[in-house]
Amino acid sequence: MMKKILMQTVGSLVTSILRWIDYRFYHSSTAMTDDEVIANPYTHYNEIRSHGKFLRSQRNRGWMALGYDEVQAVLRENRLGADMRKNEFVSKMIRLAAEGRKVTFLDDPTMLNLDPPDHTRLRKLANHGFINKQILALEPRIAELVDNLLDAIDPGSDSFDVVKVIAEPLPVSVIAELLGLPEEDQPRFLELSRQLVGILALGNTELMDAGACASEELSEYFARQIEGKRQSPGDDLISKLIEVEEEGDRLSNEELISTCIVLLVAGHETTTHLIGNGMHLLLQHPAEMQKLRQNPALIPNAVEEMLRMEPPVNFTARTALENFELFGEQVQENQIVMAVFASANRDPDRFPDPDKFDVTREEPGHMAFGYGIHLCLGMTLARLEAKVAFEKILARYPNLGLVAQEISYVPVPINRGRESLLVSTA
Ligand code: HEM
């Protein structure tokens, strides 16, 4: 009972804090937390971007970069830090939401939440595990994993849920294998990985609570794995990260644990959404899907277009480390500046006819993987998984269609993804 009351209290606190950082603009009647915006953020962002590409929130607590050049400028700006622990308000909010639990992903220094020079050091070391050539060599194994997932679909059924059957299990299995985790641990690992992303579900204490518990269990789990791999190293990412050395520097045990967890947080749900969002886009645009059937070599280009149209991460945020001027405006210390990829990717000054889904589009440079020093470390892996998944699905099912259904989107403003997506195969 006490626990329930505490959860409710924390829940309402978190909700009010979320409202505090909520970005409402004079020109818009909707906000990013509204259900209609979760379902279709693009109309909302197109509308507010038409009033300005760098806008102050109505309550003057932060800023939003919506234009392509503005998002890049924000992410290049070293007076804006990624370490939200330095923002008094956000760190207080996270502490409350985590109910006093230690949350490895939020408390410990990780690539995502460090600023230079610490970020530079950690990234340089972790980079060794993400050499393009080695990641691309995973293609045959990823193809095998996708085949196994498709083989498991009931042959008597004329529809399947592409999110549940492929988009969700594939990225976790790939990360688990990449890290070199024993096969028998994978079901529990998958469960914990699912729960872990709940940490980001600000406003939903139940999910956050489960996320914090998963984070604790995963930290202990990775500590044991790291210890084991110190004794007998293998040909896997954890062993590689243990061995990595740059000018006499190595990752500490805590850094190894938090790097493993951050790879899960950053690489799991995002890739799931890329596959789910991309499949939905193809089903909504059958002529574009037909082009891929006729010429599968177009699939990598189509994946880029999916990432541009519906990036799995709508935005990121930085905190102002000091007062300074940006685009003629006064940014104040502790204000939050959001960089909205979902808007920048549809900036008409950068992408002609930006709301059109065109798998043959030839303008590169979308920002679905971010920009600047925090540019996604796992983008080669994510692209590869999506490419293989679409190749296999299209090759196996010549008559894919969209089953009539109400699509529900993940209820977290930062993410863009379908919770499930039923496709017909006959
Ligand atoms: C479609 C899938 C993915 C998307 C859309 C995505 C998106 C992003 C974005 C936007 C950032 C920058 C965040 C910021 O600037 O605040 C980022 C960073 C990062 N991503 Fe990804 N990501 C994906 C897949 C992956 C995968 C598969 C992995 C690894 C297994 C991964 C690992 C990372 C890491 C470690 C960072 C932090 C890099 C740094 O701070 O230096 N991501 N990702």
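Contact, on this tour, means heavy atoms within 4.5 Å. Helices (H or I, at least four residues) and strands (E, at least two) are DSSP runs, numbered from the N terminus. The model is predicted: local features need pLDDT of at least 70, side-chain atom pairs count only at pLDDT 80 or more, and totals for chains, interfaces and linings use all residues. Residues are numbered from 1 along each chain as its sequence is written, and side-chain values use heavy atoms, with hydrogens and water left out.

**The whole chain**

Begin with the protein chain in cartoon view. Its secondary structure comes to 20 helices and ten strands. Of its 426 residues, 54% count as buried; buried means under 20% relative accessible area, exposed over 50%, and partly exposed in between (1.4 Å probe, protein chains only). Among contacts between residues at least 6 apart in sequence, 70% join residues at least 24 apart.

**Stop 1: α16 and α17**

Select residues 269–284 for helix α16 and 286–294 for helix α17. Two packed helices are described by the angle between their axes and the distance between the axes. Here the axes come within 5 Å and cross at roughly 105 degrees; axes are lines fitted to C-alpha atoms, for helices over the stretch in contact, and angles run from 0 to 180 degrees between N-to-C directions. The two helices are therefore roughly perpendicular to each other. As for the cut-offs, angles under 35 degrees count as roughly parallel, over 145 as roughly antiparallel, 65 to 115 as roughly perpendicular and the rest as oblique.

Now show side chains. From α16, Met279, Leu282, Leu283 and Gln284 meet Pro286, Met289 and Leu292 of α17. Sorted by class, this contact has six nonpolar residues, one polar and no charged. In this sorting Ala, Val, Leu, Ile, Met, Phe, Trp, Tyr, Cys and Pro count as nonpolar, Asp, Glu, Lys and Arg as charged, and the others, Gly among them, as polar.

**Stop 2: α13 and α15**

Next, pick residues 205–231 (α13) and 253–267 (α15), which pack at an angle of about 120 degrees with their axes 9 Å apart. That makes α13 oblique to α15. The crossing is right-handed; a crossing is left-handed if the near helix is turned anticlockwise from the far one by less than a right angle, and right-handed if clockwise.

Which residues of α13 meet α15? Ser215, Leu218, Ser219, Phe222, Ala223, Ile226 and Arg230 do so, and their partners in α15 are Asn253, Leu256, Ile257, Cys260, Ile261 and Leu264.

**Stop 3: α9, α20 and Leu145**

Move on to α9 (residues 139–151) and α20 (379–396). Their axes come within 10 Å and cross at roughly 45 degrees, which makes α9 oblique to α20. α9 passes α20 in a right-handed crossing. Residues making the contact include Ile142, Val146 and Asp151 of α9, with Leu384, Lys387 and Arg396 among those of α20. By class, the contact has nine nonpolar, no polar and eight charged residues.

While you are here, select Leu145 in α9. Is it buried or exposed? At 11% relative accessibility, Leu145 counts as buried. Leaving aside its neighbours within four places in sequence, Leu145 is in contact with Leu170, Ser173, Val174 and Glu177. Leu145 and Ala389 are 244 residues apart in sequence, yet 9.5 Å apart in space, C-alpha to C-alpha.

**Stop 4**

Cys376 sits in the loop between α19 (341–344) and α20.

**Stop 5: Val337**

Val337 is in strand β8 (residues 336–340) and, at 0% relative accessibility, counts as buried. Beyond its neighbours within four places in sequence, Val337 contacts Phe54, Trp63, Val74, Leu80, Thr316, Ala317, Arg318 and Val331.

**Stop 6: backbone details**

The peptide bond from Pro116 to Pro117 is cis, with omega near 5 degrees, and Pro117 lies between α6 (104–107) and α7 (118–127). Phe327, in the loop between β6 (324–326) and β7 (329–331), has a positive phi of about 50 degrees although it is not a glycine. Phe327 is partly exposed, with a relative accessible area of 40%. Asp353, in the loop between α19 and α20, has a phi near 45 degrees, a positive value in a residue other than glycine. At 51% relative accessibility, Asp353 counts as exposed.
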